[in-house]
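These entries record what I looked up in one structure, with attention to confidence and charged side chains.

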Amino acid sequence: MNISKEKLFGILVDVRTVDKWNPSVKFVDYLYEVHNYSGLGAHRRCNLYDGGSVVETCTECSDSMVRFEVTKYSIPVNSLFNFFKVTEPAQISGEADAVDLTIGIDFEPIDEDMTDRLSNGYKELFKMVFQGIQSYSDKIAEK
């Protein structure tokens, strides 16, 4: 991605912006009276376009990894975590602000048939999320 590591982390850890770059999220609710909008402990409910929702809490926030535990969800799994791993690739000529982003999930499905269906669905979603993050970062860079 053509974005600095710092800017990408700013986007990923700020729970207020997920609906700006994740095409499956319609809007976000912030949970708890003490608003921690960014980093470790940040907590949000993502209301999805399909009518479902997920509640996420940031459980890891280091200089190369952001991980959310999903505690309430409308998909058939026993447990679910999503993560974003950021690495800086070898310097590419003319692209000083380039990073590699890996998006993944760890989940325990209710049954084996669900594993393939969820994996395939997330692969398609991740492609759209990559595009959404790049587009959102380009928009905020213009401001």
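**Entry 1: confidence.** I began with the confidence of this predicted model. Within the chain, helix α2 (residues 18-21) has the highest confidence, with a mean of 92, whereas β6 has the lowest, at 80. I noted a chain average pLDDT of 81, with 89% of the residues at a score of at least 70.

**Entry 2: salt bridges.** How many salt bridges does a search of the whole structure find? I recorded 5.

**Entry 3: Arg44 and Glu56.** The closest N and O atoms of Glu56 and Arg44 are 2.6 Å apart, and the two residues form a salt bridge. I placed Arg44 in strand β2 (residues 43-48) and Glu56 in strand β3 (residues 53-61), so this pair ties together parts that are 12 residues apart in sequence. Are the two partners buried or exposed? I checked each against the cut-off of under 20% for buried. Glu56 has a relative accessibility of 6% and therefore counts as buried. Arg44, at 2%, counts as buried as well.

**Entry 4: Arg67 and Asp106.** I found a salt bridge between the side chains of Arg67 and Asp106, with an N to O distance of 2.9 Å. Arg67 belongs to strand β4 (residues 65-73) and Asp106 to strand β6 (residues 100-109), so the pair ties together parts that are 39 residues apart in sequence. For Asp106 I noted a relative accessible area of 34%, which makes this residue partly exposed. I also noted that β6, the strand of Asp106, is where the mean confidence is lowest.

**Entry 5: Asp14 and Arg16.** Arg16 and Asp14 meet through their side chains in a salt bridge of 3.0 Å, N to O. I compared the accessibility of the two partners. Asp14 counts as buried because its relative accessibility is 12%, whereas Arg16, at 38%, counts as partly exposed.

**Entry 6: a negative patch.** Which residues form a negative surface patch? I listed Asp111, Glu112, Asp113 and Asp116. I followed up one of them: Asp111 sits in the loop between β6 and α3 (112-142). Its relative accessible area of 35% makes Asp111 partly exposed.

Notes
Residues numbered from 1 in each chain as written. Heavy atoms only, no water. Salt bridge = Lys/Arg side-chain N within 4 Å of Asp/Glu carboxyl O. Buried < 20%, exposed > 50% of the residue type's maximum accessible area, 1.4 Å probe, protein only. Helix = DSSP H or I, 4+ residues; strand = E, 2+ residues; numbered from the N terminus. pLDDT = per-residue confidence, 0-100. Patch = residues over 30% accessible without salt bridge, like charges linked within 9 Å, V, L, I, M, F, W, Y side chains within 5 Å. Areas by Shrake-Rupley, 256 points an atom, 1.4 Å probe, with all protein chains shown as cover. Lys, Arg positive; Asp, Glu negative; His and termini not counted. Charge placed at Lys NZ, Arg CZ, Asp CG, Glu CD.
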